[in-house]
Amino acid sequence: MRDAAVYAMPVQSLLTENRARRIGMLCVAAAAMLFASKGLFGKALYQRGVGFELLVAVRSVMAMPLFLWVGLRSGPRAPALSGDDEAQTPAVAPPPPVPPRARAVAAAVIAGVTCYYLGALVDFWALTMIDASVERVLLFSYPAMVVMIDSVRRRQAPERRVVAALAVTYIGIFFAMGGVDLFELRANLLGAGLTLIAALTTAFYFLIGERYTRELGSTRFAAIGMCSAAVVLAVHFTVFRSFSEIAALDVHDWLLLGILAIFCMFVPGLLQAEGVRRVGAQRGAIGSTVGPVTTIVLAAIFLNERLNAWQLLGSAMIVCSILVLSIGKTERSPATTSARSS
């Protein structure tokens with residue numbers, strides 16, 4: 001009986017890891033879908049005369065108290081004890097939690113300012129020039145950037161299944177764009193370039209998050225990053241814009257900005273951080289490619305943007321590659337085997 005229990009332990013451990021990966025992929029996918037809906041609300045606010053700098057700044061400042069709240073509540077937890085350990089351990093107060101290293105906090109600040117200040121500004125600027133569906137598809141070039149940067153950093157090629165999933169995903173994204181129109185590409189060159197800059201900042205956020213969410217906890221990492229970006233955005237708005245723009249906002253504007261802050265920034269920010277902690281940067285980046293599908297569908301329904309047979313085929317390919325990645329067998333990943341601290 002004892003031998004059977006010993007042999008069963010690796011199987012149980014593998015099942016636990018696979019379950020953690022599936023939950024992580026679901027978190028990343030849900031975050032991507034919520035992030036994807038921001039284009040619709042952004043376009044609606046642009047039509048009402050709200051500028052992109054005002055939108056980004058107010059959205060971040062409104063979400064900041066929520067991130068502060070979850071950041072203060074989260075922290076490292078003591079490991080759970082088994083029944084035998086509890087019986088043998090004297091009833092003493094647990095040791096105080098170890099404060100995070102300054103380096104980890106600085107990394108979260110850099111990740112947040114890079115992605116949610118610089119990246120958000122150029123991304124919403126791009127939305128004033130190109131369609132929401134095209135913006136989302138271009139933004140999701142960042143999985144390739146994640147793979148390339150991570151491979152250079154680790155000095156090893158990515159696993160073959162990740163490369164195959166990326167290939168299927170990007171073929172699907174190409175089809176989801178509906179083909180290549182050179183005239184339209186030249187007309188939207190600036191918007192496309194800005195979106196690619198935003199994609200690069202997202203790749204850096206994923207890679208930094210993969211390393212430091214295990215030390216800070218996913219919620220605290222997201223809280224530090226988002227709050228840092230909100231502070232920088234507030235300073236940016238104070239320097240470059242006028243507070244008369246805020247006074248001109250009406251109730252409808254504030255409602256749309258509140259939705260953007262809570263459901264397109266706060267909730268997906270936490271889900272994304274938790275998902276990356278569980279599955280790692282490469283798998284998390286691929287899982288997030290459900291975002292373009294969401295944007296294409298929502299933009300077709302609410303913004304009357306194109307949704308043809310090629311886009312439907314591309315959307316199906318993207319979803320299938322994500323499902324294969326999330327439910328298939330995966331190799332052991334440090335991101336899924338680390339101690340949970342959030």
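**Exercise 1.** In the loop between which helices is the place of Arg155? Determine also whether Arg155 is buried or exposed, and state its phi.

*Solution.* The model examined here is predicted. Step one: Arg155 is located in the loop that lies between helix H7 (142-154) and helix H8 (160-176). Step two: the relative accessibility of Arg155 is 80%. Exposed means over 50%, so Arg155 counts as exposed. Step three: the phi of Arg155 is near 55°, which is a positive value in a residue other than glycine. Most residues other than glycine have a negative phi.

**Exercise 2.** Describe the largest nonpolar core and identify the elements that give two or more residues to it.

*Solution.* Step one: this core has 26 residues, of which Phe67, Tyr116, Tyr205, Leu216, Phe221 and Leu270 touch the most other members. Step two: two or more residues come from each of helix H1 (2-36), helix H3 (52-73), helix H5 (102-127), helix H10 (189-216), helix H11 (218-240) and helix H13 (251-279). H11 provides the largest share, seven residues. Step three: leaving aside residues up to four places away in sequence, Leu270 touches Phe67, Val70, Thr219 and Ala222. Step four: another core, of 23 residues, lies apart from the largest one and includes Ala126, Val137, Leu139 and Phe140.

How values were computed
Residues numbered from 1 in each chain as written. Predicted model: local features only at pLDDT ≥ 70, side-chain atom pairs only at ≥ 80, totals over all residues. Heavy atoms only, no water. Core = buried A, V, L, I, M, F, W, Y, C linked by side-chain atoms within 4.5 Å. Buried < 20%, exposed > 50% of the residue type's maximum accessible area, 1.4 Å probe, protein only. Helix = DSSP H or I, 4+ residues; strand = E, 2+ residues; numbered from the N terminus. Contact = heavy atoms within 4.5 Å.
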